[in-house]
Amino acid sequence: MSSKIQRSDFTSESAVYGLVVVSALLIISDRYDVTSLQVFFKVLGAVLVFWLAHVFAAAVAHLNAVADKDRKAPLKAALRHGISHSSGMLIASVIPLLIVLLGVTNLVRDDVALWTALWVDVLFLGLLGYFSAVRWTRQQSMRIGVGLSTALLGVVVVILKALVH
C-alpha cells in the first residue's frame, strides 16, 4: 500500500460515502443547538467510527482474494487493502470539518459554518461525479450530467437539513 494520496482516493465510493455521512452528521448534530466545537467532535468521532467499519468490511470482503496472493500474511494484506480502499472517506471529511472549525474560531457564526460545510459537500459531490465521469467518457455533456446528478444527492441532503431544522 502506498502512503501517497492518489487521485482515485478523491473519486472513490468511500469518498462519496464520506461526504454523504458528513452531511448527514452535520444535520443530526445541528438539531440539538450545539456549538461548532461540539459538532466538530461529534462528526469527527462518527466519521472515524464509520471509517473503521468501512476498513473492516473491505478487509473481510477482500480476505479470500488476498489469501490466494499472499499466503504468509493474508490478514495484514487484507487490512492494508481495507485502509487503502477506505481512505477517501477520511479525505472527504477534512474540508467540511475545517469549515466547521471556522465557527469555533468565531470567524463566522456557528450556523453559517454548518450551512457552508453542507453546501461545500454539495460542490464536492458534483466535482467528484464530474471527475469520475472523465475516466469513462469524453463527452463534456455527459460529464456535466454525472456531476450534476451527483451534486443533486447533496442538494437532497441540504433539503433534509432545512426540513429537519
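The mean pLDDT of this chain is 83, and 84% of its residues reach 70 or more. What you are looking at is a predicted model, so keep in mind that where pLDDT is low, the predicted coordinates should not be read in detail. Among the elements of the chain, helix 1, residues 7-10, has the lowest mean pLDDT, at 54. Helix 5 has the highest, at 90.

Now to helix 5 and its partner. Helix 4 covers residues 74-104 and helix 5 covers residues 110-134. Their axes come within 8 Å and cross at roughly 165°. Angles over 145 degrees count as roughly antiparallel, and therefore helix 4 is roughly antiparallel to helix 5. The crossing of the two is right-handed.

Which residues make the contact? From helix 4 there are Ile-95, Pro-96, Ile-99, Val-100, Gly-103 and Val-104. From helix 5 there are Asp-110, Ala-113, Leu-114, Thr-116, Ala-117, Val-120, Asp-121 and Phe-124. Sorted by class, this contact between helix 4 and helix 5 has ten nonpolar residues, two polar and two charged.

One more residue, please find Ser-93. Ser-93 sits in helix 4. Is Ser-93 buried or exposed? The relative accessibility of Ser-93 is 4%. Buried means under 20%, so Ser-93 counts as buried. And what does Ser-93 touch, if we leave out residues up to four places away in sequence? The answer is Val-22 and Val-47.

To recap: helix 4 and helix 5 cross at roughly 165°, and Ser-93 of helix 4 is buried. That is the end of my part.

Definitions and conventions: Residues numbered from 1 in each chain as written. Predicted model: local features only at pLDDT ≥ 70, side-chain atom pairs only at ≥ 80, totals over all residues. Heavy atoms only, no water. Axes fitted to C-alpha atoms, helices over the stretch in contact; angles between N-to-C directions. Helix = DSSP H or I, 4+ residues; strand = E, 2+ residues; numbered from the N terminus. Parallel < 35°, antiparallel > 145°, perpendicular 65-115°, else oblique. Left-handed = near helix turned anticlockwise from the far one by under 90°. Contact = heavy atoms within 4.5 Å. Nonpolar A, V, L, I, M, F, W, Y, C, P; charged D, E, K, R; others polar. pLDDT = per-residue confidence, 0-100. Buried < 20%, exposed > 50% of the residue type's maximum accessible area, 1.4 Å probe, protein only.
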